[in-house]
Every structure is written in C-alpha cells, then in structure tokens.
Amino acid sequence: MADPHQSPAGPDAGEVMERTAPPPTRTTAYGSDPAQVYDVRLPAGTAADVTVVVVHGGFWRERFDRSHAGCQAQAFADAGYPVAVLEYRRTGMPGGSWPGTAEDVAAGVAAVLRDPGLPDRAAHEQHLGDGAVAAFMGGTPEQLPEAYAAADPCALTPRAPVSIVHGLDDDVVPVGISRSYTAWAEARRAAARAVREVAGCEHFGLIDPEHPAFAEVLAAVAELAS
C-alpha cells in the first residue's frame with residue numbers, strides 16, 4: 001500500500017486524455033464491427049512473457065474511445081510488456097451497452113489470448129459517471145434486477161488474481177468502491193490483493209505515465225506477472 005503521507009505531484013488532471021502517443025505496432029480485428037478491434041504495442045527490446053490487456057475507461061460512452069489509453073499502453077510497452085488495447089461497442093453505438101459491451105470485452109480478451117504474436121496471459125484495468133451505469137444497462141436496478149445481478153462483479157468469483165490501484169483523491173469513482181470489492185473478495189477467499197491506495201492521485205493519474213502515481217500501476221502489473 002502506498003505511503004498515505006506521500007503526495008505525488010503530476011500533470012494537470014485529465015491532460016492525458018488529449019495527449020497523443022506513437023501509433024501501435026498493429027491493429028487486429030476480433031469481430032465484424034469497426035469497433036471490435038485491439039491495438040498491439042510491442043516492446044523495443046526483450047519482452048516479458050505476459051501480455052497487458054488495457055480495457056479503456058470513459059463510462060462505456062461512445063465519445064470516449066481507446067485513443068486516450070495510447071500513452072498508458074505505450075508506457076507499458078516501454079516497460080517491457082506486450083500490450084493489447086481493446087476497443088468495444090459503447091453506449092450510443094449499435095450493439096453497445098449491456099450486454100453487447102461486455103460481450104465485446106470477453107471476445108476481445110479471448111482473441112488476445114489466441115493471438116500467436118502475444119504471450120498467453122492477461123491483466124486488465126477498468127474505469128462511474130453521471131447516469132453512466134443506467135445508460136449502459138438500459139435502466140435502473142429496480143427496472144432491470146436480473147440484468148444488474150448478471151453484470152455485478154460481486155456475482156462472480158474472479159478466475160485470475162486481481163490487483164486494484166486507486167487514487168485517494170479520485171472524486172469520480174470513490175475509493176470506497178475498490179475497498180468494498182476487495183473486502184467482498186477477501187471474504188470469499190478470492191485471489192484479490194489489498195487495494196493500492198495512492199495519495200495525491202485523482203481519477204486520471206493512474207492512466208498517465210507522466211504522473212508519479214503511474215509507478216504504482218507498473219508495480220501492480222509486475223506483481224501480477226511474477
């Protein structure tokens with residue numbers, strides 16, 4: 001867990017959303033829709049024998065695509081990891097929202113695992129927003145109880161180790177979300193590690209390689225890969 005007294009300073013919040021990254025090594029389709037693709041970035045030198053799969057954030061909304069994850073993905077590649085950044089159909093797009101978006105992510109990860117040019121193992125990260133969940137699901141929990149039950153991460157025990165990194169200054173997704181999930185997983189003896197809580201880090205710092213907090217993300221990935 002990060003030192004709670006440490007307050008890393010970094011670039012302005014959200015700046016990474018506008019920053020450009022070098023083009024990916026290749027882009028591969030995993031479905032027939034133009035949004036069903038993933039970008040591959042490969043290290044320049046010796047590569048680790050695991051693949052980092054980045055599932056970009058943006059509350060599943062159409063206007064946020066994988067471009068804002070380019071710098072983050074390139075930083076993973078520069079650290080020696082082969083990387084796949086998934087794109088998927090989002091809220092506002094044909095086939096997007098629940099369950100299409102979830103089906104795309106599952107299909108994309110499966111395609112990455114089959115990709116002969118990438119090592120066979122994956123880690124991923126995810127990113128609430130004003131009305132984002134209801135828009136994504138197509139209604140409220142009261143209206144769609146069965147769908148919400150099926151989409152609830154706490155309805156399924158993780159099949160792979162889970163490591164969570166969360167900024168203590170995140171006012172978009174409160175750190176309590178990660179704490180409650182970790183407590184749930186620990187109670188069921190699931191393979192979830194304690195939350196890495198990063199002081200001085202808001203919502204965007206963890207996807208920004210220029211923010212000191214990004215070192216915590218790299219450390220979490222290295223821990224999972226070991």
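How many disulfides does the structure hold? The structure holds zero disulfides, a disulfide being a pair of cysteine sulfur atoms within 2.5 Å. This is a predicted model, in which local features need pLDDT of at least 70 and side-chain atom pairs count only at pLDDT 80 or more, while totals for chains, interfaces and linings use all residues. Residues are numbered from 1 along each chain as its sequence is written, and side-chain values use heavy atoms, with hydrogens and water left out.

View 1. Cys-71 is buried at a relative accessible area of 9%, and Cys-201 is buried at 0%; buried means under 20% relative accessible area, exposed over 50% and partly exposed in between, for a 1.4 Å probe and protein chains only.

View 2. Helix α1 spans residues 70–78 and is mostly covered, with eight of its nine residues buried; helices (H or I, at least four residues) and strands (E, at least two) are DSSP runs, numbered from the N terminus. Among the buried residues of α1 are Gly-70, Cys-71 and Phe-76. The buried residues of this helix pack against β2 (37–41), β3 (51–55), β4 (83–86) and α6 (214–225), where contact means heavy atoms within 4.5 Å. Just after α1, Gly-80 takes a positive phi of about 105°.

**View 3. Helix α1 against helix α6.** The axes of α1 and α6 come within 11 Å and cross at roughly 55°, which makes α1 oblique to α6. Axes are lines fitted to C-alpha atoms, for helices over the stretch in contact, and angles run from 0 to 180 degrees between N-to-C directions; angles under 35 degrees count as roughly parallel, over 145 as roughly antiparallel, 65 to 115 as roughly perpendicular and the rest as oblique.

**View 4. The aromatic pair.** The structure holds one aromatic pair. The rings of Phe-76 and Phe-214 have their centres 5.4 Å apart and their planes at 45°, so the pair is tilted; rings of Phe, Tyr and Trp (its six-membered ring) pair if their centres lie within 6.5 Å, and planes under 30 degrees apart count as stacked, over 60 as edge-to-face and the rest as tilted. Both Phe-76 and Phe-214 are buried.

**View 5. The loop between β4 and α2.** Pro-99 lies in the loop between β4 and α2 (100–114), and the peptide bond from Trp-98 to Pro-99 is cis, with omega near 5°. Ser-97 lies in the loop between β4 and α2, has a positive phi near 70° although this residue is not a glycine, and counts as buried at 12% relative accessibility.
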